[in-house]
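User: Hi, I'm new to this structure. Could you walk me through it?
Analyst: Happy to, here it is.

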Amino acid sequence: MTHYTTLGLAPDASNDAIKAAYKQFALHSHPDRASGSTDTFLRVKRAFDCLSDAGARRAYDASLASARAVTLAETIDEHELEIITVMSLFDGGGGRSIMELDAHGRGHGSGGLDVYARRCRCGDAYEIPRGELAALKATHDECVLECGGCSLKIGVRLAPPGSGSGSSGRGGGGGPEGDLRVA
Ligand SMILES: [Zn+2]
């Protein structure tokens, strides 16, 4: 959440728009009001303090731009990740095996760790342990995975709970990156 989204503003909002948004949001979120919340009010105030100061705003804009410059190779939906089991190193048997894409494969590999993974174009993979993804899901709507073998990252859109619609065009985006198969 940026100062702009806190105030419901576009990044190129004018000073007047910033002031107007601040008034509206500060009034609504003021802790004295039933609808108020100290956290929100402070966030709104911090956003305004920054954006209403030309110098601070310039610096803030620059920091946003550099954060964006870490471009993601792609953003995929959570369901485009595959669940694999990373076996314990002592397994000796190649390390990994593909699992079915649902929960009843769990426990197959003795001591194996369920991991969501997607192959990177470098040949290595983006991986996140299942539990960690679930934890992220509780707090964010998007997470970023780093490739284990190179500096590429991908964004993963986490489906909000309950909205398991298959409406988004899946199957696109894949191309040569294909499935993660470590047989
Ligand atoms: Zn890579």
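**Getting to know the chain**

Analyst: The chain has five helices and seven strands; helices (H or I, at least four residues) and strands (E, at least two) are DSSP runs, numbered from the N terminus. This is a predicted model: local features need pLDDT of at least 70 and side-chain atom pairs count only at pLDDT 80 or more, while totals for chains, interfaces and linings use all residues. Residues are numbered from 1 along each chain as its sequence is written.

User: In what order do the elements run from the N terminus on?
Analyst: The order is α-α-α-α-β-β-β-β-β-α-β-β.

User: Which residues of α2 are buried?
Analyst: Those are Ile18, Ala21, Tyr22, Phe25 and Ser29. A residue counts as buried if 20 or more other C-beta atoms lie within 10 Å of its own, exposed if 12 or fewer, and partly exposed in between, with C-beta atoms placed from the backbone.

User: Where do they sit around the helix?
Analyst: Seen down the axis of α2, the buried residues fall within an arc of 105 degrees, so they line one face of the helix. The arc is that of the directions from the helix axis to the C-beta atoms.

User: And which residues are exposed on the other side of α2?
Analyst: Asp16 and Lys23 are exposed there. As for the buried residues of α2, what covers them includes α3 (38-51).

User: Switching topic, what is the strand order in the open sheet of three strands?
Analyst: The order is β1-β7-β6, with mixed pairing; two strands pair if DSSP finds at least two bridges between them.

User: Why is one side of β1 and of β6 left without a neighbour in the sheet?
Analyst: β1 (74-77) and β6 (142-146) stand at the edges and each has a single partner strand, so one side of each has no neighbour in the sheet.

User: How many bridges join β6 to β7?
Analyst: Five bridges join β6 to β7 (residues 153-157), and the two strands run antiparallel. Within β7, Gly155 is the bridge partner of Val144.

User: What makes up the largest nonpolar core?
Analyst: It has 12 residues in all, including Ile76, Val115, Tyr126, Leu145 and Val156. A nonpolar core is a set of buried Ala, Val, Leu, Ile, Met, Phe, Trp, Tyr and Cys residues joined through C-beta atoms within 7 Å. The elements giving two or more residues to this core are β4 (113-119) and β5 (125-129), and its largest share, three residues, comes from β4.

User: Which residues does a second, separate core include?
Analyst: That core of 10 residues includes Ile18, Val44, Phe48 and Leu51.

Conventions:
Two residues are in contact if their C-beta atoms, placed from the backbone, lie within 7 Å.
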